[in-house]
Amino acid sequence: MIFDIRNETMPRDELEALQLRRLQDLCHRLYACVPFYTRKFDERGLKPEQVRGLGDLRLLPFTEKDDMREHFPFGFLAVPQDNLIRIHASSGTTGRITVAGYTRRDVDNWAALMARSLAAAGAGRGDVIHVAYGYGLFTGGLGAHYGAECLGAMVVPASGGATRRQVQLMSALKATTLCCTPSYALHLYDAAREEGLDFHDKNVMPLKTGVFGAEPWTEEMRRDIEAKMRINAMNVYGLSEIMGPGVSMECLEGRRGLHIYEDHFLPEIIDPDSGEVLPAGQTGELVLTTLTKEGFPLLRYRTRDITSLDPSPCPCGRTHRRMDRILGRSDDMLIIRGVNVYPAQIEAILVETKGLSPHYQIQVDRVDNLDQIEVRVELAEDFLNSDKVRHLEALTRDLTRRLREFLGVTALVRLVSPRTIGRSEGKAQRVIDRRKI
Ligand code: ADP
Ligand code: ZN
């Protein structure tokens with residue numbers, strides 16, 4: 001289902017002309033109103049009028065998360081402060097928080113883009129959308145909420161926490177769509193089992209779609225959630241600096257890659273070390289320029305998220321390019337004895353191993369100047385209750401071997417009892433890096 005047929009399926013040449021007009025307007029606004037950008041333009045001897053084509057994007061300065069931290073809270077404001085009607089903040093996963101301010105038009109655009117995202121997952125009027133993203137400064141809860149209302153669906157603002165009550169509510173109100181982090185979805189699944197509510201019985205749990213995001217997850221995790229809950233588990237991406245959830249979203253028809261809503265955001269992929277723009281298809285850091293934002297518009301914001309862009313046409317008819325699911329963050333890439341390891345690679349191996357649950361934690365230490373990585377993963381309950389439990393040692397050995405083959409590093413594997421790894425109601429904390437370097 002396409003929510004905004006005109007903009008989502010706009011022919012590429014028309015779309016690019018629109019992007020250029022919006023980019024030029026953005027440069028004028030930023031040069032005039034945000035001293036940070038005035039300085040950056042002046043340092044390059046650049047005037048906004050010199051941006052004549054989309055290719056000129058490369059001439060423009062990057063914006064880093066640290067720039068936003070340094071100008072906390074309102075250094076990037078591009079309109080009079082009275083025009084703001086909302087504030088959000090990043091969840092601070094990788095350091096101090098950053099804030100973002102929204103004008104009324106920003107909030108309306110966001111709601112429309114999140115409505116697009118929910119529609120792309122098949123939701124619409126008549127659906128009951130259970131939002132279990134946290135409400136508050138974090139963009140997840142209110143972002144999904146306004147999107148669901150804009151779509152004309154009925155929204156249940158459950159927020160995080162009180163997990164057992166949530167599954168009761170999902171059953172009683174007949175939730176058809178669930179919005180939360182993928183790790184919390186698994187947590188809800190466990191709670192439902194404890195409450196005797198069976199996701200496979202659609203009279204009890206009529207859920208058909210999940211719109212999951214805010215943290216990295218893998219194809220294997222998707223398959224696991226889909227089998228457990230008997231739903232379509234769809235991937236939504238966003239970040240508070242750019243807007244919040246709804247920057248890009250998978251479609252039911254393609255399911256591979258997330259359409260970036262290019263009438264509002266201009267994507268690039270760069271080499272995170274050199275800053276060089278990479279050709280289509282190559283993997284690197286996602287850089288986003290906000291084309292329509294009024295409150296805190298950003299030029300070439302370095303997201304630190306690692307992915308690639310796919311310009312090939314999608315069977316759904318949308319013309320917006322797709323990005324691959326996020327492989328990790330350039331700053332959560334672990335370097336273990338010189339080898340680059342992304343937590344997502346470890347997750348992929350764990351989730352496809354029979355007998356394990358998808359709850360895990362990775363701990364990195366440095367002992368005698370040597371990096372050590374330990375992967376703790378919970379055993380699945382049905383594994384523990386079976387006679388296979390005799391094969392624990394073989395399972396540990398097998399997992400160690402596969403991790404070594406795929407990652408090129410030896411990890412210490414610890415299989416632990418179900419429910420011994422802490423659950424998170426928001427973003428799961430998968431990596432604990434205790435190295436002091
Ligand atoms: P923080 O950087 O403090 O976590 P946000 O709360 O704004 O700030 O979260 C945005 C980040 O969450 C993104 O930059 C990305 O790393 C991660 N993220 C959001 N959606 C997804 C997704 N679908 N897959 C992987 N990572 C995601
Ligand atoms: Zn598509």
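**Ala-112**

I looked up Ala-112 first. Ala-112 sits in helix 5. This is a predicted model, and I read every value below as computed from it. I then checked a distance to Phe-3. The C-alpha atoms of Ala-112 and Phe-3 are 8.6 Å apart. Along the chain, 109 residues separate the two.

**Zinc site**

Next I went to the zinc ion, ligand 2. Which residues donate to the zinc ion? I found Cys-251 through SG, His-259 through NE2, Cys-314 through SG and Cys-316 through SG. These donors lie 2.1 to 2.3 Å from the zinc ion. I noted the angles among the 4 donor atoms as 104 to 116°. The site is tetrahedral. Along the chain, the donors are spaced C-x7-H-x54-C-x1-C.

Cys-251 has a relative accessible area of 1% and is buried. His-259 counts as buried too, with 1% relative accessibility.

**Salt bridges**

I counted 40 salt bridges in the structure. I followed several of them.

Asp-127 pairs with Lys-208, and their closest N and O atoms are 3.2 Å apart. This pair links distant parts of the chain, 81 residues apart. Asp-127 is in the loop between helix 5 (104-120) and strand 3. Lys-208 is in the loop between helix 8 (182-194) and strand 6 (209-213). Which classes do the two partners fall into? I have Asp-127 at 7% relative accessibility, which counts as buried. Lys-208 is at 42% and counts as partly exposed.

Arg-435 took another look. One partner of Arg-435 is Asp-371, with the closest N and O atoms 3.3 Å apart.

I read 12% relative accessible area for Arg-435, which is buried. Asp-433 is at 38% relative accessibility and counts as partly exposed.

I then noted a network. Asp-4, Glu-8, Arg-116, Asp-263 and Arg-318 are joined into one network by salt bridges that share partners.

The order is 10-11-12-15, and the pairing is antiparallel. Which strands are at the edges? They are strand 10 (265-270) and strand 15 (328-329), each pairing on one side only.

Strand 11 (residues 284-290) and strand 12 (residues 301-307) run antiparallel and are joined by 4 bridges. I picked out one residue pair: Glu-285 has Ile-306 in strand 12 as its bridge partner. Strands of a sheet pair through backbone hydrogen bonds.

I placed Leu-137 in the loop between strand 3 (128-131) and helix 6 (139-151).

Conventions: Residues are numbered from 1 along each chain as its sequence is written. Chains are lettered from A and ligands numbered from 1 in the order in which they are written. This is a predicted model: local features need pLDDT of at least 70, side-chain atom pairs count only at pLDDT 80 or more; totals for chains, interfaces and linings use all residues. Side-chain values use heavy atoms; hydrogens and water are left out. Two strands pair if DSSP finds at least two bridges between them. Helices (H or I, at least four residues) and strands (E, at least two) are DSSP runs, numbered from the N terminus. Donors are N, O and S atoms within 2.8 Å of the metal (3.2 Å for Na, K and Ca); water is not among the atoms, so sites may look incomplete. Four donors count as tetrahedral if all angles lie between 85 and 135 degrees; four count as square planar and six as octahedral if opposite donors are over 155 degrees apart and all others between 65 and 115; anything else is irregular. Buried means under 20% relative accessible area, exposed over 50%, partly exposed in between (1.4 Å probe, protein chains only). A salt bridge is a side-chain nitrogen of Lys or Arg within 4 Å of a carboxyl oxygen of Asp or Glu.
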